[in-house]
Amino acid sequence: MLPYGRQSIDESDIDAVAAVLRSDWLTTGPALWAFEQDIARIAGVADPAVGVTSGTAALHTAYAGLGVGPGDEVITTPLTFFATATMAMWQGARVVFADVCEDTGNLDPVAVKDAMTSRTAVVAGVDFAGHPIDAAPLADVAHSGGALLLEDAAHSIAGSLDGIPVGSLADVTTFSFFPTKNLTTAEGGALVSTNAEILERARHFKGIGYTRDEAKLLSEPDGPWYYEVHGLGVNYRLPDVLAALGSNQLLRVAAFKARRQEIHQRYNEGLAGIDVLRLPATRAGADPMWHLYPLRIVDGRRRELFDHLRANGIGVQVNYIPVHHQQIFAELGWRRGQFPVAETYSAQEISLPMFPGLADADVDRVIDLVREFVGA
Ligand SMILES: *Cc1c(COP(=O)(O)O)cnc(C)c1O
């Protein structure tokens, strides 16, 4: 079965990991610090990233860093992996959904504006399939209501909008390094921010809640072993073994991006001009790192096309089941039909195989199977 996504591991990745295994530091050492600098560089931010154990952990840590708590509302998209929403709930926030734009599947600034209240603390957009969010209008809407903008960039590291790298578009940006994503550490994630206070709270949170910085200690240390605990934290520390893999992957990220863009273009050309298909849009100014190729079929035969491709060895996927349809949100009163653009997008969507190691011949086979199915 041809997968829809897959990691690209080479001998240099294996060597980078082996070198850490032979060193003194398996975790919280120099490979992690280097990776945190590398992520900051690609994200275009001055302060090092906060490396964590997954994209889910990055979201949880970001909400904690943003100071989200009980009584706060977080506005997000139904067209995402559910952790974008549920990690805000761990911090005690109420999740509020807003609909998406028809062309990109990204959070619609007009819908967000309608959903804003005096309790809105964070607007959390997702770079669906790798296409950057409508950052400027979303930041305007959020900031004018006293909220901050979080960008879940699990799909889009190394992308940019109007020349600004993903990572510098929002107040906080989170990444995932799961194997299907654009670069991998096996499991891993990170967040970046342009706000030093948010970063400090995030670092404290993911590091169990230690305070060792002398400037912040409340009492005089009685020895070099001394530390204080000022708040709750969790252990989301990213091991050096994995960080080294991430730094080595970053050396090839431009090549990964170029190949993903080539595959995207090949699908676009091979599937153009077919009336029952909608191809993913690219907005002016966007230079996406394509994580997915989200094809839509509008004649109601998504299930049949999905089965046809799977039966022919093509490991297609659906991204995503609308988050508000999940039981946990149904119990909170969210109903089917509330977000028609996202729900229609979701009902028509099939993610075609997209990863740097995918051969042109495989892309062409997928195109031929889709064309044959729709009778084109
Ligand atoms: C993958 C993903 C996550 C979670 O990342 P993990 O590393 O799998 O925990 C969060 N948000 C989105 C949009 C994702 O695609």
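Before I turn to this structure, let me say what I mean by a pocket: on a 1 Å grid over the protein atoms alone, a pocket is an open set of points where a 1.4 Å probe fits, with protein on both sides within 12 Å along at least five of seven lines, and its lining residues have an atom within 4 Å of a point.

What we have here is a predicted model, in which local features need pLDDT of at least 70 and side-chain atom pairs count only at pLDDT 80 or more, while totals for chains, interfaces and linings use all residues. Residues are numbered from 1 along each chain as its sequence is written, and side-chain values use heavy atoms, with hydrogens and water left out.

Let me start with the second largest pocket, which has a volume of about 410 Å³ and is lined by 24 residues, with F81, S176, F178, K181 and Y320 nearest its centre. Counting Ala, Val, Leu, Ile, Met, Phe, Trp, Tyr, Cys and Pro as nonpolar, Asp, Glu, Lys and Arg as charged, and the others, Gly among them, as polar, this lining has nine nonpolar, twelve polar and three charged residues.

The ligand sits in this second largest pocket, in the sense that more than half of its atoms lie within 2 Å of the grid points. Around the ligand there are 16 residues, of which G55, T56, D152, S176 and K181 come nearest, a residue being near if one of its heavy atoms lies within 4 Å. This shell divides into six nonpolar, eight polar and two charged residues, and helix α3, residues 55–65, gives the most to it, with three; helices here are DSSP runs of H or I of at least four residues, strands are runs of E of at least two, and both are numbered from the N terminus.

Finally, the largest pocket holds about 680 Å³ of space, and its lining of 18 residues has R203, H204, Y210, T211 and R212 nearest the centre. Helix α7 gives the most to that lining, with six residues, and by class the lining has three nonpolar, five polar and ten charged residues.

Key. Grid points are joined across faces, edges and corners, and a volume is the space filled by probe spheres set on the points.
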